[in-house]
Amino acid sequence: MFKEYDVIVVGAGHAGCEAAAAAANMGSSTLLITMNMQTIAQMSCNPAMGGIAKGQIVREIDALGGYSGIVTDLSTIQFRMLNRSKGPAMWSPRAQNDRMLFHLKWREMLENTHGLDFYQDMVVGLLLKGSVCYGVKTGLGHEIKAKSVVLTNGTFLNGIVHIGEKNFGGGRMAEKAATGITEQLVNHGFESDRLKTGTPPRIDGRSLDYTKMEEQPGDELVSGFSYTNTPKPTQQRSCWIAYTNGEVHETLKSGFDRSPMFAGRIDGVGPRYCPSIEDKINRFAERDRHQLFVEPEGWNTVEIYVNGFSTSLPEEVQYDALRKISGFENVKMFRPGYAIEYDFFPPTQLDYSLETKIIKHLFFAGQINGTTGYEEAACQGLMAGINAHLAAKGREPVVLKRSEAYIGVLIDDLISKGTQEPYRMFTSRAEFRTLLRQDNADLRLTELSYGWGLATSERNDTVKEKKKEVEEIKKLLATLSLEPQEVNGWLASLNAAPIPEKQKAQKILLRPDVSLQDFARAVEKVGGALEKFGAESIEQASIQIKYEVYIEKERELVQRMAQLEELEIPASFDYQKLSSLGNEAREKLIKIKPRTLGQASRISGINPSDVQILMVYMGR
């Protein structure tokens, strides 16, 4: 029935879809195996993409030639650019999506990807020869061979769903758990552990009184996620803001004695930055209310997602508590919220390529590595798919640095530090975030991906043209002189100081209260000079001019840090020789086997003196 594939991807969530698309688009014969073809790219929790730092990741995926940005734009029902009041390093795009349309567009794109096959079955084990993976075993008894295998099992590995005192096996509500893989890998020397996540109840939007809530419309300007010409929505749906109150909290507390989290029936650690509502009112008892986002699940459905009300309390407690929220008095619940507990493998067991250290040609991506979030999963899937293809073709892996992408930060964090709780990305995790902005992901990454063989020549040509335009705009503004009478009237309208004499447009743009877009609209000479350029190029040039000093400082820091990154540690390095190292440092170094001194310096428990010892020894 089955030919031998270059790459097999197990699981068709966000990680699996990106992995399969990347491998196939790079030229590998690829098989995507999923337990249910009807849930490809399912948005298991919130039907939304992007957000703080996550939006940057989606734009990076798109710049590299992945599909998440395109699918998001095609299914967006509301778009917002978060943190606009802050500097551009903090701007983060976020989209509310049509849940069903998102799945359908992903499936459509995958079905139109050359070299990609599908099969519906459960993978119950791996085909191993010594320490090399060469395929998978399925529940229907098939053995399918491949040169590389990517595991993206999400929350399905020995998954258990919890609702109050009830629990049952499942990877998602109404979907069975996956068994067999964890046990085989543990027998082969892998370390595994448990994590948990949760989701809120889904409710009937027809039963809500929106007049008692705050409306949250989308942005007028929809910039979207993809750098391609993917159509953006011309209309949007509003979301709404509601709040819990003292009555809600007291009702929730009445179910604490039956909470699987407080009763100890859940062993896994939950996400720190997306706690359940019962966890919030327990940990932040001094707060009399918590914000809730009332979010529609699509264009043509009444189903509502209650963001901020994740819970695993008994159904009747969830229902009674919801009815005490203003605007929810007559609420009807489609399904209760629940928690799910699942296996993961601490990611310190991986190389930077996301290939496992113990078994060659086996790659992990997504929640199997301890992350949470569609975006974190998708970017790992993309990189695992790229490297699985390269391994299948006998080529060297590719790795993104911390200074090149948020994706590089995420993978380095996982491999160097590991995680004991579901990992999510924040802008604060990136030390070079002024360089890693959402607006310049294409300028940073597309040419790199084109060299790997993923980004298309059309994408590469577009980036080259954009770079050329940006430089032209910068030169133009540096040479364009403006007389006081040409700009002082406009500056006065901004309550800004007038210019006393002729001045270059670039110098005026450096003022914090001046935007290039407004400048061009208000001053005819500037507008005329920029009319032939695209809006993206104009915004990019403006950011580069305004923040040039900060950008250059960060580039200098990257260059200084690069010295440590270039000092490679041989794979056979014997840390037992270094008697001057402390026991903790030696144990961590032996376990993680850092590739460079830079990576060694970021391992938890390694201090600067340990790095100095390594540097001196290697210098000898």
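Reader: Is strand 19 buried or exposed?

Author: Let's start with the terms: a residue is buried under 20% relative accessible area, exposed over 50%, and partly exposed in between (1.4 Å probe, protein chains only). Strands (E, at least two residues) and helices (H or I, at least four) are DSSP runs numbered from the N terminus. Here, seven of the seven residues of strand 19 (residues 338-344) are buried, so the strand is largely enclosed by the rest of the structure. This is a predicted model, where local features need pLDDT of at least 70, side-chain atom pairs count only at pLDDT 80 or more, and totals for chains, interfaces and linings use all residues. Residues are numbered from 1 along each chain as its sequence is written, and side-chain values use heavy atoms, leaving out hydrogens and water.

Reader: Which way do the residues of strand 19 point?

Author: Tyr338, Ile340, Tyr342 and Phe344 point one way, while Ala339, Glu341 and Asp343 point the other way.

Reader: Which strands pair with strand 19?

Author: Two strands pair if DSSP finds at least two bridges between them. Strand 12 (residues 193-199) joins strand 19 in the antiparallel sense over seven bridges, with Leu195 opposite Tyr342. Strand 10 (residues 160-163) is also antiparallel to strand 19, over three bridges; there His162 has Ala339 as its bridge partner.

Reader: How many residues does the largest nonpolar core have?

Author: Such a core is a set of buried Ala, Val, Leu, Ile, Met, Phe, Trp, Tyr and Cys residues joined through side-chain atoms within 4.5 Å. The largest one has 103 residues, and Met383 is among those with the most contacts inside it. Helix 9 (residues 374-392) gives the largest share of this core, 12 residues.
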